[in-house]
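Work through the exercises below with the sequence and the model at hand. Each task is followed by a stepwise solution.

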Amino acid sequence: MATIVEPNAALRARAAETDARTYASADDLPVAFQADVAVIATKPQVVGDVVERYSALLADGGFFISVAAGIGIRKMALRAKRPAAIIRCMPNTPAAIAEGMIVCCPSAETTFVQRALAEELLSSIGRVAFVDDEALMDTVTAVSGSGPAYVFHFIEALCQAGIQAGLDEELALLLAKQTVFGSAKLAIEATEPPATLREQVTSPNGTTAAALDVLMEDGKGLRHLIEAAVQAARRRSVELGS
C-alpha cells in the first residue's frame, strides 16, 4: 500500500480516496516506517529538505524517484543523509489520464532491479523511456515535458482558423480535437514514419498540398517555429537548473 505525505488538506483527502495511507507531515509517520521507494513530487525549492528528511526513512535497497522540475541528481544526492539511488524523471500532463510520456535518468548507483521497479510503477501513468546522460533531460523537458502545451496551442489555432473560415466554435473545436487525437493514434499504431503518413494524405496540387506549402515554407514554416520553441524551452530549463 502506498503512503502519501501531503501537507495540503484538500489534496490529502483526494489521496485518501485511492486507499493510500495519508499523513500531513513526515513527523506523523509510524516510528518504524521505512520506504522501498520515495517519490519526490514537490516544488523545486523544497526538494533538498525532502531528500534530507526521507533518506533516513529508506529501507535497505530503497531509492528515490524525483519528478521535481529542474533539480539535478547531484544536487539531491548532496542532501541525502546516506547514499541512495536516485531516478530523476520528467513526466507530462497526459499522465493524468494514464497517457503520459515519462523519461527517466538513473543515477550511477541505480541497480537493474530498482530501474525495473521504477519503470513498472511509472508505466501505470503512460509510456516510460530512459536516458543515461542527464544533460539530455533539458531537451526532454523541452520536447515532451512542455510538448503538450504546443499541441494544445495547435488545437487552438486550428479551431480558430476553422471559425474564421465559417465554422461555428463547437464544430471547429470538435474537428480540431478529433483530428489531432486520430492523427496521433494513427502515428503511434502505424508502421510507417510520420513523413510517409503525411505524404499519403497529400495529393499533388490538392488542398493539403496548398496548406503544406505554407506550413513547410523554408525558414518560416512550422518546423522552423517548433525548432525555435524547443531551443527556447531547453535554454530556460538549463537556466532553471543552474
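**Exercise 1: an annotated loop**

Thr-42 sits in the loop that runs between strand S3 (35–40) and helix H2 (47–55); helices (H or I, at least four residues) and strands (E, at least two) are DSSP runs, numbered from the N terminus. The model is predicted, so local features need pLDDT of at least 70 and side-chain atom pairs pLDDT 80 or more, while totals for chains, interfaces and linings use all residues. Residues are numbered from 1 along each chain as its sequence is written, and side-chain values use heavy atoms, without hydrogens and water.

Step 1. A pocket is an open set of points on a 1 Å grid over the protein atoms alone, where a 1.4 Å probe fits, with protein on both sides within 12 Å along at least five of seven lines; lining residues have an atom within 4 Å of a point.

Step 2. Thr-42 is partly exposed because its relative accessible area is 29%, the class between buried (under 20%) and exposed (over 50%), with a 1.4 Å probe and protein chains only. Beyond neighbours within four places in sequence, Thr-42 has contacts (heavy atoms within 4.5 Å) with Val-47, Val-50 and Ala-68.

Step 3. Pro-44 is also placed in the loop between S3 and H2. Its relative accessibility is 36%, so Pro-44 counts as partly exposed. With neighbours within four places in sequence set aside, Pro-44 is in contact with Ala-69 and Ile-71.

**Exercise 2: the pocket lining**

Task: find which element gives the most residues to the lining of the second largest pocket.

Step 1. The lining has 45 residues, and Thr-3, Ile-4, Val-39, Ile-40 and Ala-41 lie nearest the pocket centre.

Step 2. Strand S1 (3–5), helix H1 (9–16), S3, H2 and helix H4 (112–122) each supply at least two lining residues. S3 gives the most, with six.

**Exercise 3: contacts of Ile-40**

Task: list the residues in contact with Ile-40, leaving aside neighbours within four places in sequence.

Solution. The contacts of Ile-40 are Val-47, Val-50, Val-51, Phe-64, Ile-65, Ser-66, Val-67, Ala-68 and Met-76.
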